[in-house]
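Morning, everyone. Please have a look at the model on the screen, and then I'll walk you through a few spots.

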Amino acid sequence: MILARNFRFILVACFCVFALSCQAPKKNENQRSPINSLIPLPQEIKSTGKAFELTDKTAVYVATEDEQVFAVAEYLAGKLRTATGFPLPVNKVQGQAPEGSLVLTKTEPDAQLGEEGYSLEVTESTVKLSAPAAAGLFRGAQTIRQLLPAAIESASVQNDVDWKIETGTIRDFPNYAWRGMMLDVARHFFSVEEVKRLLDEMAYYKLNVFHWHLSDDQGWRIEIKSWPKLTEVGGSTQVGGAKGGFYTQEQYKEIVKYAAERYITVIPEIDMPGHTNAALASYPELNCSEQTIKISQGNEMKRKVPGLYTGIEVGFSTLCATKEVTYKFIDDVVRELAEMTPGPYLHIGGDESHATKKEDYIPFVNKVQEIVISHGKKVVGWDEIANTTLKPNTMAQVWADAQNGKKAIAQGAKLILSPASKSYLDMSYDSTSKLGLHWAAYIEVDSAYTWDPAKLVTGIGRENVYGIESALWSETIQTRSDIEYMTFPRLPGHAEIGWSAPADGKEGSRNWNEYKIRLANHGPRFKAMGINFYPSKLVPWVQ
Ligand code: TNX
């Protein structure tokens with residue numbers, strides 16, 4: 001180990017001194033202390049105080065035949081070409097790469113680095129990024145972007161910038177396997193381009209799971225060929241009553257591919273048995289109620305169908321758990337979804353099913369788990385599903401009730417932690433926020449950062465937690481700009497909680513005062529990327 005985590009503070013202090021001692025900073029120079037620009041903080045980092053400079057002669061070399069590695073090299077070069085204006089060609093190389101180059105190498109498996117870990121060695125002459133897997137190289141590529149001046153993220157060529165990376169070594173790997181973000185596209189619909197943009201932003205902070213909340217009372221957003229009215233009817237509107245939208249299966253696959261190129265796994269969610277009004281309005285037979293109404297002329301009787309819903313109340317809808325057609329419906333939906341989802345998990349929701357009879361909820365969730373497994377996938381559900389018999393490999397996502405988390409653990413399940421009071425990105429920052437709800441908390445940027453998944457609840461420890469996830473519900477979120485305002489700058493803090501071990505080596509604490517300096521250095525990066533962010537007064541933003 002180059003440096004134990006406990007020494008990070010000493011290091012941070014050293015880098016601060018280094019940064020202060022720099023004379024006459026050029027454009028962006030003050031953002032260049034390596035630690036000060038890195039989120040999430042790497043596990044081990046050692047600076048040697050000199051610099052590698054990217055020039056119009058720099059080339060990128062790939063020291064393997066692996067096409068995925070080549071693709072990562074192309075991705076990285078693409079990210080660096082725009083603002084530098086340098087050609088940065090990507091070439092394969094056997095043996096030594098020439099001086100002045102960036103080299104990507106695939107190494108032998110390494111238990112500590114795993115799939116996503118990497119090491120980076122920067123000397124005055126070369127930047128060497130190596131990892132056992134392409135995913136690790138991709139994560140390391142984000143570190144290289146962050147080590148460069150913030151202007152590297154600009155959408156046009158920037159002159160007068162020294163494109164320097166400070167020399168040193170980094171060895172880095174994630175603390176948690178699942179570092180996710182959920183986007184609710186049901187309450188308000190977001191386009192393919194908006195989703196791709198979010199995936200790019202997630203990738204920059206080394207997230208690896210995109211949880212896609214595809215259905216809810218207000219909208220059904222994924223084309224299901226065997227049940228076409230789901231999108232025709234259920235996808236037609238959204239909160240507030242405006243036109244909704246949905247993804248065709250082709251668009252879904254396009255997003256899955258885009259995510260995969262960023263080493264992000266897509267986990268689709270079909271929320272059930274509650275949160276299903278859009279489906280119930282599309283297919284009357286999925287309702288339990290056989291109530292009939294008289295059609296004014298003639299003797300015909302017609303089943304009463306709930307209308308489309310565009311409000312934001314929850315807990316009033318349920319699929320009929322006692323009808324066979326319900327399970328035929330779920331089987332078709334799960335089959336079509338599973339066929340176009342390479343990731344191992346499907347999310348079945350299961351939350352706030354207040355309209356489902358208690359005696360129906362447990363057999364319902366048990367049957368749905370079986371259906372998902374029969375299509376080759378594992379199950380994730382909101383914490384309420386812990387009240388049923390969890391199948392092996394089913395995971396519970398704790399959002400509201402830690403007791404449910406403990407029930408899941410008692411059944412041998414792992415947890416995804418999304419505590420609403422810390423990780424819900426739809427919670428307002430404070431009482432003056434125009435966007436968001438605040439039923440769980442107001443979540444300022446420091447509060448979003450200062451928690452430890454392994455210490456949050458007595459009885460839920462590191463070994464029970466598979467990962468963490470930020471959730472953006474979209475009752476009040478309508479545009480890309482709204483998404484970004486609620487996501488930034490809280491998501492980088494969550495990303496660090498998921499990736500980095502607690503900064504002072506002690507469990508249960510994170511040092512906000514150290515972190516806020518690094519976050520402040522991301523202000524110019526957000527601006528260069530055109531990200532609309534909440535300029536919290538708690539952060540000493542670099543201008
Ligand atoms: C609770 S979190 C919900 C969502 C809402 C959210 C609003 C969860 C599993 N259910 O349906 O959108 O609160 O913050």
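First, how I get an angle between helices: axes are lines fitted to C-alpha atoms, for helices over the stretch in contact, and angles run from 0 to 180 degrees between N-to-C directions. Helices are DSSP runs of H or I with at least four residues, strands are E runs of at least two, and both are numbered from the N terminus.

Some housekeeping. This is a predicted model, so local features need pLDDT of at least 70 and side-chain atom pairs count only at pLDDT 80 or more, while totals for chains, interfaces and linings use all residues. Residues are numbered from 1 along each chain as its sequence is written, and side-chain values use heavy atoms, with hydrogens and water left out.

Now the helix pairs. Take α14, residues 490-499, and α15, residues 512-520: their axes come within 11 Å and cross at roughly 125°. That makes α14 oblique to α15. Angles under 35 degrees count as roughly parallel, over 145 as roughly antiparallel, 65 to 115 as roughly perpendicular, and the rest as oblique.

Which residues make the contact? On α14, Pro492, Gly493 and Glu496; on α15, Tyr515, Arg518 and Leu519. Contact means heavy atoms within 4.5 Å. By class, that is 3 nonpolar, 1 polar and 2 charged residues. Ala, Val, Leu, Ile, Met, Phe, Trp, Tyr, Cys and Pro count as nonpolar, Asp, Glu, Lys and Arg as charged, and the others, Gly among them, as polar.

Next pair. Helix α8, residues 324-339, packs on α9 at about 35°, with the axes 10 Å apart. This crossing is right-handed. Residues in the contact include Tyr327 and Ile330 of α8, and Phe364 and Val368 of α9. The tally is 7 nonpolar, 2 polar and 2 charged residues.

On to the ligand. How many residues surround it? There are 13, and the closest are Arg187, Tyr424, Asp426, Trp439 and Glu475. For Trp439, a side-chain N or O atom is 2.7 Å from a ligand oxygen. Asp351 puts a polar side-chain atom 2.9 Å from a ligand nitrogen.

Last, the backbone. Most residues other than glycine have a negative phi, and most peptide bonds are trans. Here are some exceptions. Met272 and Pro273 are joined by a cis peptide bond, omega about 0°. Pro273 sits in the loop between β12 and α7. Phe488 to Pro489 is cis, with omega near 15°, and Pro489 is in the loop between α13 and α14. Tyr263 is not a glycine, yet has a positive phi of about 55°. Its loop runs between α6 and β12.

Notes
A residue is near a molecule or strand if one of its heavy atoms lies within 4 Å of it. A polar contact is a pair of N or O atoms within 3.5 Å; within protein, one must be able to donate a hydrogen and the other to accept it, and residues adjacent in sequence count only if both atoms are side-chain atoms. A crossing is left-handed if the near helix is turned anticlockwise from the far one by less than a right angle, and right-handed if clockwise.
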